[in-house]
Amino acid sequence: MRTGIVFHPKYLEHEQSPTHPERRERLAYTLDQLIEEGIFDIDRIMMIQPRKASLDEILEVHEPEYIEFLKKESEKGGIIDYDTNIPVGVFETAILSAGGALKAAEIVADGLVRNAFAMIRPPGHHAKPYTGAGFCYLNNMAIMVKFLQKKGFERVLILDWDAHHGDGTQEIFYEDDSVLFISTHQMPLYPGTGYPDETGKGKGEGYTINIPLPPGTSDEEYLLVFDTIIEPVAKEFDPDFIAVSAGQDNHFTDPITDLALTARGYGELMKRAVNLAEKLCNGRIVAILEGGYSVEHALPYTNLAIISALADLDLDFIREPESYLSQLRWRKRSYAAEKVRDNIREVKSLHSRYWRSLRTDG
Amino acid sequence: MIVGIDVGGTNTDIAYLEDGVLKTMKYPNEYGIVRILEKVSREVKLEDSRLIISTSLPINLISSRFDKIKTLTLLFPGPGLNYKEHGVVLKGCVNHRGEIVEDVDENEIERALRGHDYDCIAIAGKFSVRNPYIEHKVFEIAKKFADPHAIALSHHIGKLNFMLRLNTTVINSKISREVWMLTESIRKFTDKFFYYKGDGGIIPWRIAMRNPSELYNSSPSSVAYGAYYLTGEKNAIVIDIGGTTTDITLIRDGKPMVVEDVSVCGLKTHIRCVNCISIPYGGDSLFDGELKPFRLGKPLAFGGEHPTLTDLLNVLGEKIGNYRASKDGIERDVAEREVDRYIEILAEKVKGFQVNTVIGTGYLASYIIPEVARRAGKRCIIPENHQSANAVGVAVSRISLTLYARFDTEKGLAIFNGEIEGEQYERLDKNLDDEEIVEMCIEKVRDIAMSYGADEEDVKEVDLVYFNSYSVVKGGIVRGKIADVIVQIKPGLSGAL
């Protein structure tokens, strides 16, 4: 069993501005940690070069007018929204980022590796067919899922655990019953969507599951959500492929969110997702990097956690240094546990009419 | 005067070089380095000469006694992967920024040092190249339990990759004491001498003591540079017939190819050395009806007790050493068959290369290599002094140092590691730009090399091997810059010749 890591030095170059949260430093520290751990010397880990996404592959998701706009603005620089400007040359990096997700899907689909992690930038899950948003330009996840479906993997489970709701991805598959989109995210928080009653539309009704989490949510509650909602529904849906929007901004040191997940928690979550893939779809799972802005204190450890879980390495020593733990005590909220239980109940009651597996224990 | 000495598997070769005049000598290893240096010091004034030693001691120790020398490995990995299989995992951790984020527990360390049985100690902390504080602290404690020359610290290796650094440190721990003893015996003659590295550069002995694994497998590199110096051929296949092996090395543009991350005894390490194909036959390979891939002793022609490849050549009419002693009871056609088989093995290997010239070195080269080259369809050169091309290569090489530097301008700190005498910290001006950082490293490596007597000519070209920098942002403000830099004075022929 091998794990592919898709990465390119160009992912370090993208920068909206030197002080923007989504900046090159994000992967620089992580890379140091991975190199120091000797990750790339482990036999069952393969470093894979991305390719560029083709225009056709992008147009499966995005509207030609938007792509034309992005390409043009990227030549001289421009702006999409308050959080998302268009630095010169971003189009090239964005298609390499989307291509990184495609490459990860390709090597898993072709059996070159068992699973893969696309360690790509810029992220994608806020990007909608007609616009970029929230640090995102192209929806890497959606482009990858469309590609997988063309390859014959009809039913795809998207698990989006970025701290922010993956509104772009949700919108793209909102009326689609071949893609099950499950998102956990902090609420309230940007972009303000992702309420439990957003459940899908038309044919896609019931195929969007939103599980909002209150500030202070920590490992135990995340795993509870996984065990009580994600796992049973995933089994019932029985996907051909699992794709994870593995945002890392739910870490307890993230400067722009208020969640309290630990590196070990990431490892355990990822391990559960990997186990699901093993049970349901021959281990086929791809994780894509989305957000995550605690560049020094979280990302080196959380990225390592994700890779370790994918590659079935020992998670026992995956943690943060002790001196960071005081921040966790500040972040964790005792009321979060109860609020999460309430939310789980609400999601279950809303979705029990679509999913038999959510009916049993009420 | 430059004196290059190569202590090989069987023989010790010496090259004297002064004003372009070259003289070489060969002694059997059984003389021992002290007796050989006594002879050398009668010829030249060692204190006024540049003495460079290439030694097979590390490779011999590793291949013969790796498992017998017991290492206690103390690890300080902090968070991350599980390293328990590789040593005793203890408290204490440096993070990627070089900050101490967990301190060591001195009692725990003492317990580990008391509770195990060992000959030497390897100490390795994650990110120690960015802050060696923990390794130094543990060293101070470990000194109470073991000879300091049998303790190896990982940060001297300079590079990131904890797993490889830890493996390299284990190797260093096993060879440190013997390399130190060798060093001490050479220092009786002069305190100013150099060791020859596996990649072909030379470094002052003080620097070598911090990471003696760099001396591993230096012979192929010395032969390649020697062959280049003796012939001026920039592109050639060098075949060196030694006592126990025959080594084939390719030189391109006057340099042999260096391989990184060499595996030693199943451990992937930070060791780099010259790529060579080694064939397990040489002049001393035993003949007992057929040629065997090992050595029992000297050839009959040199007073040995068993016939060898050298004796077979004498049976075929050569006059090597006391050639009459070779001929007892060996049939000519058997000798012919075995020599032919050996030549064929070499010719087959040589055919695979895209280069047209073969340079033969080693004391049997003139008897064997012309035929190898003929069969492979290549041009053959057997240069003068070919018997000791290895020692020539050692003599003609330049001081080559690699400097690993990390700048953290937010903390106002630079740390220099690698081939320098102990890591160095330097306080920084906050506003260095990328060019100034690189320039500072180049100046530094030049200064260090020149302080050790490097020729000005040799330090002119310093390669920037690696550069990466990015801003440190906190609270939306750029607070500083982090840069990683590797600069190197590349191995090569010294311009002072």
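Two residues are in contact if their C-beta atoms, placed from the backbone, lie within 7 Å. Keep that cut-off in mind for the tour, and remember that what you have open is a predicted model.

**Stop 1: chain A as a whole**

Select chain A and colour it by secondary structure. How compact is chain A? Its radius of gyration is 19 Å, close to the 21 Å that the globule rule gives for 362 residues, so chain A is as compact as a globular protein of that length. Of the 362 residues in chain A, 59% are buried. Now for the contacts in chain A with a separation of 6 or more: 76% of them are between residues 24 or more positions apart.

**Stop 2: where chain A meets chain B**

Bring chain B back into view. Here 29 residues of chain A are in contact with 25 residues of chain B. To see the chain A side, select α1 (25–37) and α9 (299–310), the elements that give two or more residues to it. Which of them gives the most? That's α1(A), with 8 residues. Colour this side of chain A by residue type and you get 11 nonpolar, 5 polar and 13 charged residues.

**Stop 3: the domains of chain B**

Next, colour chain B by its domain assignment: domain 1 is 65–180, domain 2 is 224–395 and domain 3 is 402–488. The centres of domain 1 and domain 2 of chain B, taken over C-alpha atoms, are 40 Å apart. Their contact takes 10 residues from domain 1 and 8 residues from domain 2. On the domain 1 side, 5 of those residues are nonpolar, 3 are polar and 2 are charged.

**Stop 4: helix α4 of chain B**

Select residues 133–142 of chain B, then show the side chains of the buried ones: B:Ile134, B:Glu135, B:Val138 and B:Ala142. Why are they on the same side of α4(B)? Because they cover an arc of only 95 degrees around the axis. And what do they pack against? In chain B, look for β5 (71–76), β7 (93–94), β8 (100–102), α3 (106–114), β9 (120–125) and β10 (151–153).

**Stop 5: a hairpin in chain B**

Finally, select β21 (residues 285–287) and β22 (residues 291–295) of chain B, which pair in the antiparallel sense over 2 bridges. Click on B:Ser285 and you'll see B:Arg295 of β22(B) opposite. The hairpin has 3 residues between the strands, and B:Gly289 takes a positive phi near 105 degrees.

Terms used. Residues are numbered from 1 along each chain as its sequence is written. Chains are lettered from A and ligands numbered from 1 in the order in which they are written. This is a predicted model: local features need pLDDT of at least 70, side-chain atom pairs count only at pLDDT 80 or more; totals for chains, interfaces and linings use all residues. A residue is buried if 20 or more other C-beta atoms lie within 10 Å of its own, exposed if 12 or fewer, and partly exposed in between; C-beta atoms are placed from the backbone. Helices (H or I, at least four residues) and strands (E, at least two) are DSSP runs, numbered from the N terminus. The arc is that of the directions from the helix axis to the C-beta atoms. The radius of gyration is taken over C-alpha atoms; the globule rule is 2.2 Å times the number of residues to the power 0.38. Ala, Val, Leu, Ile, Met, Phe, Trp, Tyr, Cys and Pro count as nonpolar, Asp, Glu, Lys and Arg as charged, and the others, Gly among them, as polar. Two strands pair if DSSP finds at least two bridges between them. Domain bounds come from an automatic or database domain assignment.
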